[in-house]
Amino acid sequence: MSSYLTPLLQFQRFFLPALFILLGWAIWRTVWRKDSAVGLALYLGLVIVVDSFLNTGIYLPGLGTGSIRYSELCAVFLLINRPPAPSECSLLRTVKYLVGFYFALLFLSALGSDPMLAGIFEFRRLMIPQIIAFLVATRGLGS
C-alpha cells in the first residue's frame with residue numbers, strides 16, 4: 001500500500017502553502033463576499049481541525065484558561081452577517097423551539113455537573129459550536 005503513495009511524498013511541501021491559500025480564499029469569500037456557505041464550511045473546519053486537534057486560540061492576558069478560539073471569531077462574524085429570516089411554517093418553528101429546548105436542557109445538565117466549571121467548559125467546547133452551526137444553517141445559505 002505504501003508503494004502506491006510514495007510518489008505523493010514529493011508533493012508534501014505544497015500541502016501547507018495550499019492550505020494557507022485555501023484559508024485565505026475562504027476568509028475572503030466569507031468576509032467580503034458574504035458567502036454563508038463558505039463561511040459555514042470555514043467555521044466547521046476551524047472547529048474540527050483548529051479547536052480539536054491544534055487546540056489554539058487568541059490568548060487573553062490575565063486568564064489562566066479560556067482564550068478566544070478562532071472558530072468563535074468566525075462564528076461571531078457569521079451570526080452578525082446572517083441573511084434576514086425567511087417566513088417559516090409552523091412545523092419549522094416548532095422544530096426550532098424543540099431543538100432550543102434540547103440545548104437548554106443540555107446547559108442545565110452542564111450546570112449540574114460535579115465540578116460546575118468543568119461542565120460549563122465542556123459545554124462550551126462541545127455544544128456551543130453545534131448551536132452556532134444550527135443558528136447559521138437555519139437561516140439558509142444565500143449562495
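Modeller: Let's start with A133, which lies in helix α7 (residues 128–138); helices are DSSP runs of H or I, at least four residues, numbered from the N terminus. This is a predicted model, in which local features need pLDDT of at least 70, side-chain atom pairs count only at pLDDT 80 or more, and totals for chains, interfaces and linings use all residues. Residues are numbered from 1 along each chain as its sequence is written, and side-chain values use heavy atoms, with hydrogens and water left out.

Colleague: Is A133 buried or exposed?

Modeller: Buried means under 20% relative accessible area, exposed over 50%, and partly exposed in between (1.4 Å probe, protein chains only). A133 counts as buried because its relative accessibility is 15%.

Colleague: Which residues does A133 touch, not counting those up to four places away in sequence?

Modeller: Contact means heavy atoms within 4.5 Å. By that rule, A133 touches L40, Y43 and L44.

Colleague: Nice! How is a pair of aromatic rings described?

Modeller: By the distance of the centres and the angle of the planes. Rings of Phe, Tyr and Trp (its six-membered ring) pair if their centres lie within 6.5 Å; planes under 30 degrees apart are stacked, over 60 edge-to-face, and the rest tilted.

Colleague: How many aromatic pairs does this rule give?

Modeller: Three. One of them, F103 with F134, is edge-to-face, at 6.5 Å centre to centre and 70 degrees between the planes. F103 is in helix α5 (residues 90–111) and F134 in helix α7, so this pair ties together parts 31 residues apart in sequence. F103 is buried at 13% relative accessibility, while F134 is partly exposed at 27%.

Conventions:
Helix = DSSP H or I, 4+ residues; strand = E, 2+ residues; numbered from the N terminus.
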